[in-house]
Amino acid sequence: MAIRCRKCGREAAIMMRQHRLALCEEHYLDWFVEQTERTIRMFRMFDRSERVLVAVSGGKDSLSLWDVLLRLGYQADGLYIGLGIDGGIRYSDQSYEKCRRFVTERWPGARLIVVDVKEVYGETIPEVAARTLRGRDKPCAVCGLIKRYIMNRVAYDGGYAALATGHNLDDEVAVLFGNVMNWQVGYLARQGPVLPASRPGFARKVKPFCRFYERETAAYALLRGIDYIYDECPYAEGSTSIAYKEWLAKLEEERPGTKLRFYLGFLKAREEGQIRFATDEAELHACEKCGQPTSAPGICAFCRLWEKRRPARAVAAPVLSTEG
Ligand code: Q46
Ligand code: ZN
Ligand code: ZN
């Protein structure tokens with residue numbers, strides 16, 4: 001027997017076991033947008049009078065997030081960072097193309113800010129990684145540092161009230177699980193849907209999709225007809241967070257709602273003061289080269305990455321090209 005939509009009785013497009021809720025295509029798309037708005041309000045992320053910068057990668061989560069925020073009438077600009085990763089699948093070219101087409105075909109009035117790492121700093125992610133890590137590690141360590149730096153800098157310098165990322169519940173739970181397994185208390189203190197801009201130089205970070213399962217964001221993208229890149233970054237393969245996600249999927253399969261309870265339970269316990277972690281309030285200095293805040297005096301980790309490169313380029317504010 002076909003499962004029916006709870007709202008209208010038509011055939012359901014999705015069944016969410018953790019909410020015991022089945023919805024048809026039309027009502028699912030409405031529900032998803034309403035739930036995003038609820039999360040934004042619940043955690044006081046931003047309001048309609050403020051400008052938000054959405055980090056877009058061309059994937060389903062970030063493009064869906066940008067789409068929902070624009071549908072809800074928020075002032076949301078997109079930021080795409082060109083990493084220069086090929087991996088035999090033209091990963092970066094393809095992902096940029098998805099973002100560009102999202103704007104031209106779906107939201108022609110929207111603003112997409114593009115920062116190409118090679119254009120601005122002289123090397124692609126695999127090139128910086130090869131020079132600095134010399135094959136000891138995957139490029140993810142330098143890639144993460146570079147992306148975080150650029151996202152923060154564009155959001156902060158651009159005067160955005162918040163930087164929004166498309167992290168979903170599965171991402172958040174995998175990180176939380178990893179932090180608990182390794183007792184990373186510093187990270188546990190800071191993990192959550194909102195990371196306030198507690199100190200000068202830091203942009204506020206928000207995750208409006210943190211209560212959605214990955215299959216829910218995928219369903220939204222699919223039903224909305226958003227054209228996104230299916231491939232993951234070729235370097236993501238074999239990462240610990242993917243292994244955690246597989247284990248957690250088994251728990252969820254046996255007990256629907258486990259992930260949501262684990263995440264929301266953690267946030268509640270921390271909020272109510274039942275668990276407390278010491279926060280790292282190390283003194284901050286302005287980087288001598290770029291002026292961004294850094295915990296050690298001298299130059300920051302980002303600027304250090306480019307130091308030994310010949311010919312050296314000045315690390316300036318990212319030159320922005322804007323589409324749309
Ligand atoms: S860090 Fe690593 Fe990702 Fe950068 S190199 Fe690819 S997998 S994109 S989230
Ligand atoms: Zn319906
Ligand atoms: Zn610096």
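First, the ground rules. Residues are numbered from 1 along each chain as its sequence is written, and chains are lettered from A and ligands numbered from 1 in the order in which they are written. Because the model is predicted, local features need pLDDT of at least 70 and side-chain atom pairs count only at pLDDT 80 or more, while totals for chains, interfaces and linings use all residues; side-chain values use heavy atoms, with hydrogens and water left out.

Now the helices, which are DSSP runs of H or I with at least four residues, numbered from the N terminus; strands are runs of E with at least two. Two packed helices are described by the angle between their axes and the distance between the axes. Axes are lines fitted to C-alpha atoms, for helices over the stretch in contact, and angles run from 0 to 180 degrees between N-to-C directions.

Take helix α2 (residues 60-71) and helix α3 (residues 91-106). They pack at about 25 degrees, with axes 11 Å apart. α2 and α3 are therefore roughly parallel; that word is for angles under 35 degrees, with over 145 roughly antiparallel, 65 to 115 roughly perpendicular and the rest oblique. In contact, meaning heavy atoms within 4.5 Å, are Leu63, Trp66 and Asp67 of α2 with Lys98, Cys99, Phe102, Val103 and Arg106 of α3.

The other pair is helix α1 (residues 25-42) and helix α9 (residues 214-224), whose axes come within 10 Å and cross at roughly 125 degrees. α1 and α9 are therefore oblique to each other. The contact involves, among others, Tyr28 and Phe32 of α1 and Tyr220 and Leu223 of α9.

Next, the cores. A nonpolar core is a set of buried Ala, Val, Leu, Ile, Met, Phe, Trp, Tyr and Cys residues joined through side-chain atoms within 4.5 Å. Buried means under 20% relative accessible area, exposed over 50%, and partly exposed in between, with a 1.4 Å probe and protein chains only.

Which members of the largest core touch the most other members? Tyr28, Phe46 and Trp66 do, out of 43 residues. Apart from that core lies another, of 36 residues, including Leu83 and Phe302.

Finally, Ala278, in the loop between α11 (258-271) and β9 (285-286). Is Ala278 buried or exposed? Ala278 has a relative accessible area of 63%, so it counts as exposed. Ala278 and Ala189 are 89 residues apart in sequence and 6.9 Å apart in space, C-alpha to C-alpha.
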